Structure formats: structure tokens, C-alpha cells
Amino acid sequence: MERSTIVRVHEGLHARPATRFVKLAKGFESDVELVKDGKAVSAKSSVKLMLLAVKENQEVTVRANGADAIEALEALIGYLENPRAGLDDEAEAQSPANDAGQEAAPASEPAPAAPDGANRLRGVAASEGFAIGPAFAHFPPDIAGQGRMLRAEEIEAEIDRFRAAVGAVQARMDYALAQDSLSAGDRGIVAALRDIAADDSLTGEAEGLIKGGNDAVSAVITAASNIAAEFSAVDDHYLNARADDVHAVGRQICLVLLGQDDVSLENIPEGAILIADDIGAWDLARAPLKRIGGVVCGHGGATSHIAIIARSHGIPAVLGLGGQVNALRTARDVALDGNAGHVIIDPDEATRADFAGRVEAAAKERAGLTIFKTVTPKLADGRIIEVAANIGSLEEIEAAQEAGAMGIGLFRTELLFMRHMHLPSEDMQAETYAALTKAFAPYPVIVRTLDIGGDKPIAGIEFPDEENPFLGWRGIRMCLDRPDIFKRQLRALLRAAVHGNIKVMLPMVSDISEVRQTRVLIDECTVELKAEGVPHASFDLGVMIETPAAVLIAPALAKEVAFFSIGTNDLTQYIMAADRLNPTVAKLNDVTNPAVMSAIEMTAKAGVAAGIMVGMCGEAAGRPDLIATFVKMGLTELSMSPASIQRAKKAIMAMAAEG
Ligand code: PEP
Ligand code: MG
């Protein structure tokens with residue numbers, strides 16, 4: 001018995017809908033299959049369903065065979081046609097997520113930097129400060145099987161051992177899910193992994209291999225690799241990232257089989273220097289950041305998300321070491337200079353003393369800066385310069401407030417999108433933006449609309465393969481092509497504006513029509529909200545100036561918007577044609593280059609002439625050596641990592657004192 005239909009599940013049968021579909025299917029005795037383009041898979045396996053890559057608006061057939069086939073068809077077709085029926089929004093919003101492969105794009109493979117000496121390495125200075133401490137090498141080891149075939153009489157016991165290991169991993173995940181302390185993001189990740197651990201695609205294939213004489217560890221490695229390869233081969237960024245989930249689950253099962261514990265950031269000792277080849281921004285964000293003394297990575301650049309997280313928590317970091325990072329695997333102690341980008345392996349006594357002195361001096365400087373926390377920096381002419389914070393999640397509010405931020409000059413909304421397996425709902429976004437604005441009222445909070453591109457894909461948006469993602473379909477370009485996504489964010493912002501001083505800015509603007517089209521959408525959203533009787537308020541609309549085109553049309557743009565915020569990270573890379581993530585061109589990627597400084601000055605002039613606020617939210621805004629120049633150009637708002645705020649206030653006060 002079978003029936004065909006058009007799938008109405010938003011963004012297709014991705015993990016959460018696939019899990020829900022499987023749950024429904026498992027409620028029936030009948031064998032149930034889902035067929036797409038002639039390929040049939042069991043509807044009782046979420047891994048197989050995901051691999052079928054069913055997209056919204058595609059035609060599929062549900063096939064059922066058994067006593068309750070009619071009921072099964074009815075329920076499953078009903079779900080595909082109307083997936084939200086009978087579901088609460090909460091469940092939808094709490095969907096699982098795994099950011100592996102979805103967050104900050106890996107930096108381009110950096111060329112090895114020249115070592116300065118036998119035990120001294122040079123990388124990218126990504127987060128300032130000095131640190132010295134025990135090395136904590138985070139290089140999860142590769143796991144290997146026994147490499148011998150089992151004797152026939154050993155097979156049954158090996159299958160039992162394997163099943164017990166799978167059970168232990170599932171139980172561990174269930175235990176984690178039951179903890180109240182688990183954040184929604186973490187819960188999503190664990191739930192997605194548990195689905196895979198419970199799925200018979202992985203366990204079935206592994207058991208088959210054990211029956212063929214493979215030891216359990218080898219069987220799990222092979223089965224996980226096969227399934228991961230299938231996920232990698234699908235033409236869908238989101239499903240590609242699921243390959244990492246399969247490997248992660250396989251790894252957990254193997255570790256139980258081997259009686260080993262995984263390397264975890266949880267156990268990092270106080271003051272240790274974290275050494276890794278690469279580390280996901282999300283992994284780092286969840287690590288006990290207060291205990292980490294410094295970060296050293298093979299990948300990453302000065303404006304990669306790892307660098308941004310490190311800076312926002314005041315953790316010194318040297319990134320982009322390339323293959324040199326391997327020299328640190330066996331280090332006992334590491335000293336790092338986040339200002340110069342130096343890392344010293346097992347420093348000698350003199351170096352130790354030197355670094356200990358610097359760490360102490362930095363701590364003293366920090367202590368001396370705390371008096372600036374509550375200062376409102378004013379120039380001699382009485383003009384107030386707002387020193388605001390750049391953050392990417394509600395978890396960072398406290399660090400910004402602690403530092404004395406006068407509002408938020410850049411809220412990067414992409415982290416909100418990357419943390420979830422689905423696009424975040426309007427309600428969830430409205431709540432987030434409202435919480436943010438309430439936390440900083442009466443100061444303004446500037447929310448940047450979704451700034452994402454093919455280099456850091458997110459669940460629910462299909463990006464084309466692009467030769468040059470940094471010059472491609474990203475930021476405002478993507479949003480205007482996807483009004484369904486963009487309007488959901490704009491509606492959420494209009495709703496949140498009721499609660500405080502919200503301003504909205506558009507990223508990657510390069511043409512005036514992008515602002516005008518956005519205004520049309522904002523007007524549409526306002527009319528809709530009014531008709532629906534939903535409370536809302538208007539907000540100031542501004543643009544980021546981060547493309548050379550925006551600089552050149554700044555006088556015209558200034559007539560259309562309420563403010564400018566200069567994004568020096570991108571502006572520098574585009575003006576200098578030097579990839580911001582590529583350490584080999586780091587020298588060119590320099591905001592102080594006269595070409596970039598003149599672009600900043602042109603922008604400031606255009607904004608000042610039009611009487612609009614000109615601010616800066618690129619990393620240069622926090623540089624005490626440049627602040628006076630920016631302020632003299634006419635900038636009145638500087639937004640930066642919380643760790644830079646007090647020093648910036650001090651620099652502005654010094655200007656005022658000079659008159
Ligand atoms: C910038 O480009 O300067 C900026 C602030 O945005 P992001 O670093 O998020 O691209
Ligand atoms: Mg930018």
C-alpha cells in the first residue's frame with residue numbers, strides 16, 4: 001500500500017523532522033518505507049532518511065506493509081503535508097544542533113611561519129596579552145582497531161561487548177539530556193548524537209562487520225566511515241556536517257570498547273595553555289573559559305571566530321601556526337605573547353621570569369583600568385564618545401557589563417543561527433533581541449542582520465558552491481534573496497524594539513538599492529504585525545561600511561540611513577585584497593595602511609556632513625594607538641571586544657585631558 005505527496009516540511013527532512021518522522025513510523029507495526037526518485041529507505045531509520053536528502057516541495061511516496069498500514073500511511077502523509085500539526089513551538093525551537101562544520105569557516109591552510117629559534121614559533125597575534133603555563137594539548141588521538149580477524153568462537157562475545165558499549169553511550173547521552181544545567185544548544189547537540197547512536201544504520205552495519213570477523217573497534221570505525229562518507233557525498237552543506245556527528249558517535253563507542261576516556265576541555269587545569277590544531281568556536285565557547293590561560297592553534301586568523309571569543313574573554317591567543325603546532329604536542333610548559341604572535345616551548349628560566357613579569361604587569365594594568373569601568377568618556381568640547389561592546393550571544397552580556405560597555409555596537413546574529421539545526425523561529429529571535437536590549441537599556445543595542453555566506457553554512461539555507469565565498473552570496477545579498485528568512489528576523493527586531501533602544505544594521509552593503517529593498521520589507525513587516533495586533537515599534541536603520549563600494553557611495557548612503565558603523569575587518573581585506581583569514585598575507589591585512597585609513601576618513605566625512613552617527617565595530621575600534629585618530633575624524637561610537645573597553649575609555653579620556 002502506498003501514497004505519494006509533496007513534502008511541506010520546512011527545509012526538508014533534516015535531522016529533527018527526520019527523527020520525528022521515524023518516531024511516528026516506529027509507532028506502527030507495519031514495515032514502512034519512504035521512496036524518492038526511485039530510491040526506497042526504511043522510514044524507521046533517521047540516518048537513512050536524512051541520507052535520502054528529501055527537500056521541501058519534493059514529491060515522495062510512503063509505502064507501508066502490515067496490519068496497520070492504512071493508519072501508518074495516514075499519519076506519515078499527514079506529517080509530511082502538515083508537519084506542525086500537533087507540535088508545540090517549544091519543541092521546534094529546541095531542535096538539536098551540531099555546529100561541527102557549521103560555524104566559523106576553517107582558515108585557509110596557513111603556510112608555516114618561520115621559527116625564530118629552536119623553541120620559538122611565530123603565528124598570528126590573535127588576542128593580546130601574555131601567558132605562561134602548563135601546556136594542555138588537545139589533539140584527540142586517532143583510534144585504531146586490533147587489526148586481526150576474530151575466530152568464529154569469539155564473535156558472539158564481541159557482539160555482546162559491542163551492544164553493551166552502544167548501550168553505555170546511549171545511557172551516557174540520556175543522562176546528559178536529563179541534566180537541567182544543559183543549555184538548549186548543548187541539549188540539541190547531545191540529542192542529535194543520541195539519535196545516531198540509537199540508529200540501526202550504524203549499529204546494524206557494525207554488527208554485520210563483527211559477524212564477518214572484524215573486532216568491534218575496527219567494525220565501528222569502518223561503519224562510521226562508510227556512513228559519514230555517504231553524508232559527505234550529499235549535495236547539502238547541512239547533511240555534510242552530519243558526517244562529523246557520525247564520527248563523533250563512532251568515537252564514543254570505540255572509547256567505551258577500549259575502556260578509555262575522551263580528551264575533554266572540561267578537565268583543563270587552571271591557567272593552562274590550550275594547544276590544538278583546530279578547535280570549533282562552539283567547542284571553545286562551551287569550554288571552562290575562566291580557567292584557560294591562553295590559546296595556541298594551527299588554524300585561525302586574527303578575525304576568525306576563535307580569535308573573537310578569545311578576545312572577548314581576555315584570553316591571549318596565537319593562531320595560524322600551521323604544521324608548527326605539532327612541535328607543541330609534547331611541550332610541558334608554554335609561554336605566549338599574544339601581542340607579537342610568539343609562542344615559546346618549554347621556556348628557560350630567564351624567559352619564564354620575563355613572562356611572569358609581563359603577566360604581572362598586565363594584571364596590574366588591568367587592575368588600574370577598572371576605574372574606567374563606570375567612566376563616560378567625554379571630549380574637551382563635551383562630546384560623549386560611546387564605548388560599546390561586540391558580542392555574539394546572550395552569554396556574553398555579563399562580560400560586556402562587567403567591562404563597562406555603554407551598550408552593544410555589534411550583536412553578531414549569525415551565532416544564533418549557527419547554534420540551531422533549524423533556522424531560529426521569529427519568537428525565539430524576538431526573545432533574544434528583547435533580552436539584549438533590556439540588559440543594556442537605556443544604552444542602544446545595535447543588532448546586525450544575518451551576516452553569513454557559503455564559507456560558514458548554516459542549517460536550513462542552501463548555499464551554492466562558490467569559487468570566492470567572500471565575494472559571493474553573503475550578508476545582505478543572501479537576505480534579500482531569501483525574504484522568508486530576512487522578514488522573520490526583521491519582524492523579530494520590530495517586536496523587540498518595544499523593549500528598549502534597538503538599532504539595526506545591514507552587513508556587506510555595496511549598493512544603495514539594498515537599503516531601499518530592506519526598507520520595503522520592513523514596511524511590509526510593520527503592516528503585517530499591525531494587522532495581527534502584535535506589539536512592535538520602529539527602529540533606526542544603519543549600514544556597516546565594510547566594502548570599498550560602500551565607502552565610495554557613502555555620501556549617498558548617508559542620506560538614506562540613520563548611522564554608519566565601519567567594519568574594519570572586512571573593509572581592510574577588501575581594500576587591500578588580502579584574505580583576513582590567511583596568515584601569509586597578514587602583513588597586508590593592516591588597518592593602518594594609508595589606503596584603509598583614507599577609506600575610514602572618507603566614510604567619516606560623509607557621515608559627519610550628513611549629520612548621522614558614525615561608529616566603528618571592526619577590531620580596530622579597540623586599538624588605543626588609533627582611537628584618537630578615529631575620534632578626530634568624527635567617529636562618536638567605538639564598539640569592541642569587552643576586554644578592550646576600559647583601555648579605550650582611558651585613551652579617550654587622555655585625549656580630553658590633552659584638550
Ligand atoms: C567587520 O567586518 O569589521 C565586522 C565587524 O564584521 P565581522 O568581523 O563579523 O565580519
Ligand atoms: Mg564584516
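This is a predicted model: local features need pLDDT of at least 70, side-chain atom pairs count only at pLDDT 80 or more; totals for chains, interfaces and linings use all residues.
Side chains of opposite charge can pair when their charged atoms come close. In this structure, 25 salt bridges are counted.

One of these salt bridges is formed by Glu 349 and Arg 352, whose closest N and O atoms are 3.9 Å apart. The two residues are separated by about one helical turn, because they stand three residues apart in helix α12, which spans residues 349-369. Glu 349 is exposed, with a relative accessibility of 62%, whereas Arg 352 is partly exposed at 26%.

Glu 365 is partly exposed, its relative accessible area being 34%, while Arg 647, at 19% relative accessibility, counts as buried.

A further salt bridge joins the side chains of Lys 487 and Glu 524, with an N to O distance of 2.8 Å. This pair links distant parts of the chain, since Lys 487 lies in helix α17 (residues 483-496) and Glu 524 in helix α18 (residues 512-532), 37 residues apart. Lys 487 is buried at 16% relative accessibility, and Glu 524 is partly exposed with a relative accessible area of 35%. Both residues belong to one network, in which salt bridges that share partners join Glu 426, Asp 427, Lys 487, Arg 491, Arg 495, Glu 524, Glu 528 and Glu 532.

Terms used. Residues are numbered from 1 along each chain as its sequence is written. Chains are lettered from A and ligands numbered from 1 in the order in which they are written. Side-chain values use heavy atoms; hydrogens and water are left out. A salt bridge is a side-chain nitrogen of Lys or Arg within 4 Å of a carboxyl oxygen of Asp or Glu. Helices (H or I, at least four residues) and strands (E, at least two) are DSSP runs, numbered from the N terminus. Buried means under 20% relative accessible area, exposed over 50%, partly exposed in between (1.4 Å probe, protein chains only).
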